[in-house]
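Subject: Structure handover

Hello,

Please find the structure below. My notes on what was found in it follow.

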Amino acid sequence: MSEDIKKIMFTVRKAPHGTIYVYEGLEVKLIMAAYDADISVVFMDDGVLALKQGQNTDELGIKGFEKTYGVFVDYEIENVFVDRQSMEDRGMTADDLLVIGEDEETEAPIKPKVVDSKEIAAMMAEQHNIMAF
Amino acid sequence: MKLAVCIYEGPYNHEASDSAYHFIKAVIDKGHEIRGIFFYHDGVYNVTKLMEPPQDDRHIANRWSELGATGIDIVVCIAAAKRRGIVDDVLVDNVRISGLGQLTMMAIEADRMVTFGD
């Protein structure tokens with residue numbers, strides 16, 4: 001009894017620190033990746049800041065989770081996208097993006113893919129469900 | 001249509017829980033099915049029996065419990081609950097604590113996932 005694999009997209013639109021939404025949302029992604037679902041993650045608006053490398057939460061006295069994004073590819077969360085305009089609005093470039101894993105063969109670092117809002121809209125239209133964190 | 005509902009905010013402080021409740025009532029009235037309700041983030045505070053609001057106001061936890069009594073699966077995320085001191089002992093009847101796997105199943109099985117929160 002096989003059912004079609006459902007496409008589920010996560011949107012990350014909030015800043016990584018200041019509230020717990022992005023951190024607890026990350027926990028959902030890692031759990032959901034273990035299930036039979038076609039997962040994708042899109043970072044946009046302030047959510048792009050979560051992908052900035054070199055974050056340090058020591059002074060805030062809270063547990064950082066930047067490094068956890070580095071296991072995405074290992075967890076088979078490979079469809080990770082970031083909105084170009086949101087990055088530009090916040091002075092970020094592709095060079096600022098953290099690494100979400102490495103290529104199995106070449107060991108080359110893998111980063112989130114920069115896309116335009118039109119591409120995001122097209123992907124959204126294909127989803128079975130979209131979850132906002 | 002089969003819907004699942006996520007609630008991310010705590011009671012009284014935010015409209016999310018009220019909006020979700022009224023939405024669900026309307027959904028049922030229209031003849032649709034609620035696959036499940038999932039409380040996450042501060043949303044886990046919505047179903048503690050420790051709350052005691054003024055008598056002339058709505059009792060948010062009891063309201064969810066009554067909805068649960070109709071057979072709708074109401075799930076509180078264990079990870080979010082533990083972090084905030086919400087355990088089985090303080091839950092109202094007809095809701096249960098479980099894992100994010102339950103949210104996953106709702107997302108897969110429901111036709112639409114509707115989220116209430118910031």
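In this predicted model, helix α1 (residues 21-32) of chain A packs against helix α4 (residues 100-109) of chain B, at an angle of about 70° and with the axes 9 Å apart. Helices here are DSSP runs (H or I, at least four residues), as are strands (E, at least two), numbered from the N terminus. Axes are lines fitted to C-alpha atoms, for helices over the stretch in contact, and angles run from 0 to 180 degrees between N-to-C directions. α1(A) is therefore roughly perpendicular to α4(B), a label for angles of 65 to 115 degrees.

On the α1(A) side, the contact (C-beta atoms, placed from the backbone, within 7 Å) involves Glu27(A), Val28(A), Ile31(A) and Met32(A). α4(B) contributes Leu100(B), Gly101(B), Leu103(B) and Thr104(B). These residues comprise 5 nonpolar, 2 polar and 1 charged; Ala, Val, Leu, Ile, Met, Phe, Trp, Tyr, Cys and Pro count as nonpolar, Asp, Glu, Lys and Arg as charged, and the others, Gly among them, as polar.

Chain A has 3 helices and 7 strands, in the order β-α-β-β-α-β-β-β-α-β from the N terminus. Its C-alpha atoms fill a box of roughly 50 × 35 × 30 Å along the principal axes.

The model scores ipTM 0.91 and pTM 0.94.

Residues are numbered from 1 along each chain as its sequence is written, while chains are lettered from A and ligands numbered from 1 in the order in which they are written. Local features need pLDDT of at least 70 and side-chain atom pairs count only at pLDDT 80 or more, whereas totals for chains, interfaces and linings use all residues; pLDDT is the predictor's confidence in each residue, from 0 to 100.

Regards

Definitions and conventions. Angles under 35 degrees count as roughly parallel, over 145 as roughly antiparallel, 65 to 115 as roughly perpendicular and the rest as oblique. Two residues are in contact if their C-beta atoms, placed from the backbone, lie within 7 Å.
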